[in-house]
Amino acid sequence: MQNRQRSVTTAANPSGIISPQYCAPHNVNLAIVRKVMTLADNLTVTDVNGKIAFNLKASLMSLHHHPVLLDATGNPIITLHRKIMSAHDRWQAFRGESTELKDLIFSVKRPSLFQLKPKLKVFLANNTKEQVCDFKVKGSWFERSCVVYAGESPPF
């Protein structure tokens, strides 16, 4: 198993993007555990005490690869869809198990295909012009961590 620590920082948003139950007024450290050598690409996300927060279920043997993020009780939260013909390696996140445009929550893209440090721009569904991102994710492979920023500050 691989184990990675992630630190997530977000701006206070009382209603949340998905649901207020997934919001915290402070930094949250999560560990991502991946089982290797399986036919599915499943991940488990735990808190620092080992309590399961989320599961990501994805089948590598599927024609339509749509990973689904589940809460700790197994309820579907988000279905991810990778846009195949995209210049920026774009993913879309839909509510529950849907992949219909009316259920789009946000989309994510890499600003550049070649990156030494992972960087992502997140656009909420109502931000159709995508001139300014709603969130940024900046990661470090070396530190095995990532930070989520609200809007365009601080700059990449």
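A residue is called buried when its relative accessible area is under 20%, exposed when it is over 50%, and partly exposed in between, with a 1.4 Å probe and protein chains only. By that scale I32, with a relative accessible area of 21%, is partly exposed.

The structure is a predicted model, in which local features need pLDDT of at least 70 and side-chain atom pairs count only at pLDDT 80 or more, whereas totals for chains, interfaces and linings use all residues. Residues are numbered from 1 along each chain as its sequence is written, and side-chain values use heavy atoms, with hydrogens and water left out.

**Overall fold and surface**

The secondary structure comes to 0 helices and 11 strands, where helices (H or I, at least four residues) and strands (E, at least two) are DSSP runs numbered from the N terminus. Along the sequence, the chain accordingly reads β-β-β-β-β-β-β-β-β-β-β. Of the 156 residues in the chain, 30% are buried. Among the contacts with a separation of 6 or more, 23% are between residues 24 or more positions apart, a contact meaning heavy atoms within 4.5 Å.

**The nonpolar core**

A nonpolar core is a set of buried Ala, Val, Leu, Ile, Met, Phe, Trp, Tyr and Cys residues joined through side-chain atoms within 4.5 Å. The largest one here has 14 residues, and those with the most contacts inside it are I78, F106, V122 and V137. At least two residues of this core come from each of β6 (76-82), β8 (104-109), β10 and β11 (145-150), and β8 gives the most, with 3 residues. Leaving aside residues up to four places away in sequence, V122 touches F106, S107, V108, C133, D134, F135 and V137. In soluble globular proteins, nonpolar side chains tend to be buried together.

**One aromatic pair**

Rings of Phe, Tyr and Trp (its six-membered ring) pair if their centres lie within 6.5 Å, and planes under 30 degrees apart count as stacked, over 60 as edge-to-face and the rest as tilted. A search of the whole structure finds 1 aromatic pair. The ring centres of Y22 and F54 are 5.7 Å apart and the planes stand at 45°, so the pair is tilted. The pair links distant parts of the chain, with Y22 in the loop between β1 (2-8) and β2 and F54 in strand β4 (residues 52-57), 32 residues apart.

**Individual residues**

The table collects accessibility values.

| Residue | Relative accessibility | Class |
|---|---|---|
| Y22 | 32% | partly exposed |
| F54 | 19% | buried |
| A125 | 29% | partly exposed |
| E130 | 23% | partly exposed |

I32 belongs to strand β2 (residues 28-34), and its C-alpha atom is separated by 4.6 Å from that of V45, 13 residues apart along the chain. A125 is placed in the loop between β9 and β10, where, not counting residues up to four places away in sequence, A125 touches L104, I105 and F106. The C-alpha atoms of A125 and F94, 31 residues apart along the chain, are separated by 9.5 Å. E130 is found in the loop between β9 (119-124) and β10 (135-140), and E130 has a positive phi of about 55° although it is not a glycine.
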